[in-house]
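Trainee: Could we walk through this fold together? I would like to learn how to read it step by step.

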Amino acid sequence: HRILEAAKGLGTKDQMLINAVLLPNAWQLQDIYNILKAEYGKDLIHIIHSETSGHYRDALTAYVQTALR
């Protein structure tokens, strides 16, 4: 998945992560969250927290948490 690709290796591919999180609508983001959990054993919020920091982390986390409600 694109989110895993963005987080792979040294450094985060920020633009790829932003596109993978912000471009899908809320339903698609819920599907992405569930697929990452079921097929890869990964948590999207954990990926964001481990790959980002500061306001960038806060904004992405808030966006995902809102979409998952």
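Mentor: Happy to, and we will go from the overall fold to single residues, keeping in mind that this is a predicted model.

Trainee: Which pattern does the protein follow along the sequence?

Mentor: Start with the count of elements: there are 5 helices and 0 strands. Reading along the sequence then gives the pattern α-α-α-α-α.

Trainee: What radius of gyration does the protein have, and what would a compact globule have?

Mentor: The C-alpha atoms fill a box of roughly 30 × 25 × 20 Å along the principal axes. For 69 residues, a compact globule would come out near 11 Å, and the protein agrees with that, at 11 Å.

Trainee: Is threonine 61 buried or exposed?

Mentor: Threonine 61 sits in helix H5. Its relative accessible area is 7%, and the cut-off for buried is under 20%, so threonine 61 counts as buried.

Trainee: Which side chain joins threonine 61 in a polar contact?

Mentor: Leaving out residues up to four places away in sequence, threonine 61 touches Ile45, Ile48 and His49. The polar contact between side chains spans 3.4 Å, and the partner of threonine 61 is histidine 49.

Technical notes. Residues numbered from 1 in each chain as written. Predicted model: local features only at pLDDT ≥ 70, side-chain atom pairs only at ≥ 80, totals over all residues. Heavy atoms only, no water. Helix = DSSP H or I, 4+ residues; strand = E, 2+ residues; numbered from the N terminus. Buried < 20%, exposed > 50% of the residue type's maximum accessible area, 1.4 Å probe, protein only. Polar contact = N/O pair within 3.5 Å; in protein donor to acceptor, adjacent residues only side chain to side chain. Contact = heavy atoms within 4.5 Å. Rg over C-alpha atoms; globule rule 2.2 N^0.38 Å.
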